[in-house]
Amino acid sequence: MGKVTIVDVAKAANVSNSSVSRYLANPQSINPILAVRIAAAIDKLHYIPNLSARSLRRGSTRVIGFIQPDITQDLFNQAMKALNEMFSQNNYLLITCDSDNNPEKELKYVNSLIEQNVEGIIISPCLYKSEATIHALSNCDNFVFLDRFLETDKTFSCVLEDNYEKSVLLTNALFSFPQKKHLILAGAKSSYVTRERLRGVRDAFANSDIELKESDILYDLTNSEESIRIITEQLKKGYNAILFTNPKIINSIYIASRKLGYKINRDIFIAGYAYHSTVSQYEFQFPCVIQHPYELGLAAGDLILRKIQKQGSKPKQIVIPCEFRP
C-alpha cells in the first residue's frame with residue numbers, strides 16, 4: 001500500500017474528506033461519533049498527517065523554539081520537561097537549542113528559528129545585555145524570557161525568580177555562622193541571574209556593615225576539576241563561610257572540603273542555591289534557596305501560548321518565588 005492520505009482515512013471511516021480535515025485541525029469541532037470513527041481509521045491505517053502542508057494552508061507551524069544557555073543545568077532540563085509536556089498537550093512541537101553560553105551561537109539560533117517560521121521563542125539569554133539579540137528577537141512576534149533577562153529600556157514578557165530578595169535572606173543566614181571569613185562563589189559574570197543575586201549579597205553585606213571585597217568573589221565556577229582546585233586553594237587561605245549562587249557548585253565545595261579533611265557545619269559553613277534533588281544528596285543540612293525550574297517552565301509555556309493565541313498584547317512579567325530554608 002502506498003502513502004496513506006486523508007482520502008483513505010475518510011473512506012475507512014465512512015465520512016467526508018472535510019470531516020477528516022476538521023478532525024485533524026480540532027477533534028472537538030465535529031460530532032463525537034464521527035471523531036471516534038476517524039480516530040479508529042487513523043490508527044488502523046497508521047496515517048501520519050502532513051504537518052508542513054497543514055501549516056502552510058493555515059499560516060502556522062505550531063512549533064515553538066526554546067534557546068537555553070547550558071543543557072547540563074538541571075534548571076533548564078526541568079523547565080524543558082515542563083514545556084514539552086505543556087506543548088504536547090496543546091499540539092505544539094518544541095525545538096530546543098543549546099547556546100552553550102555563546103552569544104554568537106545564541107544569535108544564530110534566534111535567526112534560524114525565525115527563518116523556520118516558529119510561532120514563538122522562549123529564551124534564556126547568556127548575557128545580561130545584547131542589542132544584537134534584542135534586535136533579532138524584534139523580528140519574532142512572540143517571545144518570552146525565561147530565568148534570565150536582557151536589560152534594555154523596553155519592557156518584554158518574562159518569567160523570573162525572586163533572586164534579589166532570596167539572596168539577601170541567604171546572606172543574612174551566612175552571617176549567623178561563627179566563621180567570619182566569607183567567600184562568594186558565583187556563576188557566570190555575564191549572566192543576569194548572577195548580577196541579581198550578587199546585588200542582593202552586596203546589599204546584605206552593606207546593610208550589616210560587613211566589608212565584602214571583590215577578591216572575596218569568584219566567578220564562573222561549576223562542578224569541575226578546575227573549580228575543585230580553586231576552592232581547595234581558597235579553603236587553605238582560611239575562608240570558612242561560603243555562599244554559592246550556582247547550584248552546581250555545591251559538589252565542588254563538598255569534594256574540596258573532604259580533600260582537606262574539613263567537615264561542613266564544623267570546620268566550614270555553607271549557604272547557597274539548590275534544587276530539591278541536590279539537598280537530598282548530602283548528609284548535612286545548610287541554609288538554602290530551593291529553585292522550582294519546573295514551575296518556571298510551566299509559567300513560560302503558558303505565557304507564550306497566550307501570546308500566540310493573542311490573549312493579551314501587553315508584556316507580562318511573572319516572578320516565581322523560590323523557597324528559602326534557613
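## Charges over rings

A charge counts as sitting over a ring if NZ of Lys or CZ of Arg is within 6 Å of the ring centre and within 35 degrees of the ring normal. R197 meets this description, lying over the face of Y273 at 3.7 Å from the ring centre. Another case is K181, whose charged end sits over the ring of Y239, 4.5 Å from its centre.

A word on the model before going further. It is a predicted one, in which local features need pLDDT of at least 70 and side-chain atom pairs count only at pLDDT 80 or more, while totals for chains, interfaces and linings use all residues. Residues are numbered from 1 along each chain as its sequence is written, and side-chain values use heavy atoms, with hydrogens and water left out.

## The parallel sheet

Let us turn to the strands. Helices (H or I, at least four residues) and strands (E, at least two) are DSSP runs, numbered from the N terminus, and two strands pair if DSSP finds at least two bridges between them. Six strands form an open sheet with parallel pairing, in the order β2-β1-β3-β4-β5-β11. Its edges are β2 (93-98) and β11 (317-320), each of which pairs on one side only. On average, and ignoring direction, neighbouring strands of this sheet are turned by 20° against each other; axes here are lines fitted to C-alpha atoms, for helices over the stretch in contact, and angles run from 0 to 180 degrees between N-to-C directions.

Strand β1 (residues 63-68) is joined to β2 by six bridges, and Q68 has D98 in β2 as its bridge partner. Further along, two bridges join β4 to β5, with F145 partnered by C158 in β5. Four bridges then connect β5 and β11 in the parallel sense, where V159 stands opposite I318 in β11.

Helix α13 (residues 293-308) lies across β1, β3 (120-123), β4 (143-146), β5 (158-161) and β11, and runs at about 165° to β4. Contact means heavy atoms within 4.5 Å.

## Aromatic pairs

Rings of Phe, Tyr and Trp (its six-membered ring) pair if their centres lie within 6.5 Å; planes under 30 degrees apart count as stacked, over 60 as edge-to-face and the rest as tilted. The whole structure holds 12 aromatic pairs. One of them is the tilted pair of F244 and F286, at 6.0 Å centre to centre and 50° between the planes. This pair links distant parts of the chain, 42 residues apart: F244 is in strand β8 (residues 241-244), and F286 is in the loop between α12 (276-279) and β10 (288-290). Both F244 and F286 are buried.

Elsewhere, ring pairs link F143, F145, F149, F156 and Y192 into a cluster.

V9 belongs to helix α1 (residues 6-13). Is V9 buried or exposed, and why? V9 counts as buried because its relative accessible area is 0%. Leaving aside neighbours within four places in sequence, V9 is in contact with V4, V20, I38, A41, I42, L45 and Y47.

T61 is in the loop between α4 (51-58) and β1. T61 counts as buried because its relative accessibility is 19%. The T61 side chain reaches the backbone oxygen of N117 at 2.9 Å.

Key
Buried means under 20% relative accessible area, exposed over 50%, partly exposed in between (1.4 Å probe, protein chains only). A polar contact is a pair of N or O atoms within 3.5 Å; within protein, one must be able to donate a hydrogen and the other to accept it, and residues adjacent in sequence count only if both atoms are side-chain atoms.
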